[in-house]
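Please read these notes with the structure open beside you.

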Amino acid sequence: MTVGLTHYLVVSSLLFCLGLYAVLTRRNAVAILMGIELMLNAGNINLVAFNRYVAPGAVTGHIFALVVITLAACEAAIGLALVMAAYRSLETVHVDEINVMKW
Amino acid sequence: MAVFIEILKAVGLAVLVFTFLAIVGAMYGVYFERKISGWIQARIGPKHVGPWGLLQTIADTVKLLQKEHITPRRADWMIFNTAPLIVAVAGLLDWVVIPFGTAFGRVLVVRDINIGVVYFAGMASLTVIGILAAGWSSNNKYALLGGLRSASQMISYEIPLALGLLWAVMLAGTLSTVGIIEAQRASGWFLFKVPPFGLIAAVTFLAAATAEVNRVPFDLPEAESELVAGYFAEYTGMRFALFQLGEYAEMFAMAAVASILFLGGWLEPNMPVWVWALLGIAALAAAVFIRFSALRHVLLVRPILSLALLGAVLCGLMVLGLAAGRSPVLPSVLWFFAKMFALVFFLMWMRWTYPRLRLDQLLNLSWKVLLPIGLLNLLITGFLLTVAR
Amino acid sequence: MGELAAFIILSAVILIPATVVVASRNIVRAALSLVPTFLGVTGFYIMLHAEFVAGIQVLIYAGAITVLILFVIMLTQGGSGEEVRQVNEQVPLGVTAAVWLAFLLLLVLPRTPWPLSPGRLPQYSAQAVGSAFLTNYVLIFEITSLVLLVALIGAIVIARREE
C-alpha cells in the first residue's frame with residue numbers, strides 16, 4: 001500500500017478540525033492564534049499535496065504554500081501585537097472579558 | 001530492505017558525527033576556551049590533569065555525570081527536562097550539512113541536501129525554543145529573564161544571519177553547502193569577491209552568528225554578572241553539560257559555516273609558491289626572535305611562539321609540495337579544520353576582550369545597523385553581478 | 001513500505017501534539033507542542049518533494065512564530081494559566097462543529113475523483129520556485145512583500161507604548 005493524495009488530505013482535515021475547535025472554544029487570545037496557525041498548516045499540507053499529485057510539473061502549490069507561510073508570519077506578528085496592546089490597556093488576554101464595546 | 005539499511009547508515013553516521021562533536025566540539029572547545037582565556041589574561045590555564053591539562057575537560061565531564069539531577073519543586077518538570085535535549089539536538093543537527101573535506105573521491109558530509117543553507121538556518125533557529133522553554137520552566141526570575149532576552153536577541157539576529165547566508169548563496173547560485181564550496185574552487189574565496197562587499201557580508205554574518213550562539217559581546221541571555229547564569233541557572237549535572245554541548249556544537253557549526261561560505265571550506269588557498277615561502281620565512285623569523293629574546297618568559301607572548309612555529313611548518317610543507325608539483329598538497333580535512341579553528345579562535349578572542357552590550361544597544365545594532373547593511377549589500381552586489389553579466 | 005511507515009509516524013507526530021495544543025490547560029505546554037506539529041508538517045513536505053517549503057516551514061513556523069507566541073505568553077501572564085478557566089461556554093458547540101466537519105470531510109474525501117496525474121517533480125525545487133516567483137507569479141510576490149511591510153509597520157505601531 002502506497003501513500004496517496006487522500007492520506008494527506010485526511011491528516012490535514014483532522015488538523016484543520018483541531019484548529020477549528022481551538023478557535024471556537026479557547027478564551028485566551030494567544031491560544032486562538034495557535035488554533036489559526038494549525039488551520040493554516042492544514043491548508044498548506046493540502047496545497048503541497050495537490051501540487052505533488054495533481055500537477056507534479058508545476059510549482060504553483062509550493063508558491064502558494066510559501067505565500068501562506070509569509071502571511072501567517074504577518075498575521076502572527078499583528079495578532080500578537082494586538083494581544084499585547086489589549087493586555088496593556090485592559091489587563092486581560094481572555095477574549096470574552098474584552099467586552100467593553102458590547103453595551 | 002533498503003529502508004533498514006538506510007536507517008542503519010543514518011544511525012551509524014549520526015553516532016559517529018555526534019561522538020566526534022561531543023569530544024572535539026564540546027570537550028576540547030571548553031579546553032581551548034580556558035587556555036585562550038588564560039593566554040589573554042596572562043595566566044596559564046588548566047595544567048594539572050594530564051599533559052598540559054589536556055584531560056581537564058574529561059575530568060569535568062566525569063564530575064558532572066556523577067552529580068545529582070535536581071528539578072526545582074515548582075518547576076514544570078516535563079518542559080524542564082526536555083529543554084536541554086532540544087538545545088543539544090538542535091546544535092548537533094546543524095552538522096548534518098557541513099562538509100569536512102574530501103577523501104577517497106567523495107565528499108565527507110553526512111547529507112549534501114539541496115537546501116543545505118536553509119536547513120542550517122532552520123536548525124540554528126530551533127535552539128531558541130529550548131532556551132525559552134528552559135528559562136520559563138525553571139520557575140526562576142533570572143532564568144525567565146535570560147530566556148526572554150535570548151528570544152528577542154535570536155529573533156533579531158536571525159535576519160542578518162540569513163542575509164549573510166543569502167549573499168554567498170547568490171554568488172554560488174546554489175543552496176547546497178558542497179555546491180557553495182565548489183563554486184569557490186574556480187572563483188576564489190567569496191571573502192574577496194566583489195570587493196569590498198564580500199568582506200561586509202562576512203562581517204555581518206560573523207556578528208550575527210556570534211549573537212546567535214549567545215557569546216560575548218552578545219551574551220546577555222547568560223550574563224553571569226547580572227543573571228547568575230541566565231536560562232540554565234537551575235540546571236545541574238549532565239543537563240547543564242548538555243546546554244554547554246549544544247552551545248559549543250552550535251558555535252563550532254557557525255565557525256564551520258562561516259569558513260564554508262566565505263573562506264572556501266576545505267579548498268586549499270590558491271597562492272603562488274613565493275607567497276607561501278615569504279609567509280613561512282616571516283613566521284620562522286618571528287619564532288626565532290621570540291625564542292632567543294627575553295620575550296619568551298612573557299606569558300602573553302609564549303603561545304605566539306608555538307603558533308608561529310606551526311605556521312612556519314605549514315608554509316614549509318606547502319612550498320615543498322608545490323615545488324614537487326602536487327596540486328592539493330595537504331589533505332582537505334586539514335584545511336577545513338585550520339579555517340574552522342581560526343574562526344573559533346577569533347570568536348574566543350572577542351569573548352575575552354570585549355565587554356557586554358546593553359539590551360537596547362544589542363537590538364539597535366541588529367535592526368538599525370546590520371539589517372540595512374545586509375540588505376543594501378545584497379542589493380548592490382546583485383546589481384553589480386547583473387551588470388557584469 | 002518505508003513511505004507508509006514514515007507517513008504513519010509523521011501523522012502521529014502531527015496529530016498528537018496538535019491535540020495537546022487545543023486541549024491542554026497549560027498554555028505554555030500548548031505553545032511548545034506546536035513545535036512537533038510544525039516539524040511533522042515539515043516531514044510531510046519532504047515526503048512530497050517540497051524541500052524548499054520544508055526549510056522555510058522550519059525557519060518561519062518552528063523558529064519564529066512559536067517563539068513569538070511563547071514570548072507574548074510570557075509577557076502577558078505570570079503563570080501557566082492552569083488556575084484560570086481556559087475554555088469558554090462554547091465547548092459543546094465547538095466539539096459539534098469540529099466533529100461534524102471532520103466527519104463530512106472524511107466522508108467526502110475518499111469518494112472524490114481527484115484528477116491525479118502521474119509524473120515526476122523537477123529534481124531541484126528551490127530553483128523552480130525561485131524562477132516561478134520572479135516570472136509568472138511576480139505580482140503575488142510583490143503584493144506579499146507589500147503586505148509584509150504593512151504588517152511590520154502595523155505591528156510596531158500597535159505594540160508601541162504611547163508616550
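1. The axes of α1(A) and α2(A) come within 7 Å of each other and cross at roughly 165°. Axes here are lines fitted to C-alpha atoms, for helices over the stretch in contact, and angles run from 0 to 180 degrees between N-to-C directions. The pair is therefore roughly antiparallel, a label for angles over 145 degrees. Helices are DSSP runs of H or I with at least four residues, numbered from the N terminus.

2. This is a predicted model, in which local features need pLDDT of at least 70 and side-chain atom pairs count only at pLDDT 80 or more, while totals for chains, interfaces and linings use all residues. Residues are numbered from 1 along each chain as its sequence is written, and chains are lettered from A in the order in which they are written.

3. The crossing of α1(A) and α2(A) is left-handed, that is, the near helix is turned anticlockwise from the far one by less than a right angle. Ala, Val, Leu, Ile, Met, Phe, Trp, Tyr, Cys and Pro count as nonpolar, Asp, Glu, Lys and Arg as charged, and the others, Gly among them, as polar.

4. Which chains share the most contacts? Of the two pairs of chains in contact, it is A and C. Two residues are in contact if their C-beta atoms, placed from the backbone, lie within 7 Å. In this pair, 64 residues of chain A meet 77 residues of chain C. On the chain A side, α1 (5-25), α2 (29-53) and α3 (60-90) each supply at least two residues, and α3(A) gives the largest share, 21 residues. That side has 48 nonpolar, 11 polar and five charged residues.

5. Chain B has 22 residues in contact with 23 residues of chain C.

6. No contact joins chain A and chain B; their closest C-alpha atoms lie 12 Å apart.

7. Helix α3 (residues 77-93) of chain B has 17 residues and should span 24 Å at 1.5 Å a residue, which agrees with the 25 Å between its end C-alpha atoms. The expected span is 1.5 Å times one less than the number of residues. Among the buried residues of α3(B) are Ile79(B), Phe80(B), Val87(B) and Leu93(B); buried means that 20 or more other C-beta atoms, placed from the backbone, lie within 10 Å of the residue's own.

Notes: A residue is buried if 20 or more other C-beta atoms lie within 10 Å of its own, exposed if 12 or fewer, and partly exposed in between; C-beta atoms are placed from the backbone. Angles under 35 degrees count as roughly parallel, over 145 as roughly antiparallel, 65 to 115 as roughly perpendicular and the rest as oblique.
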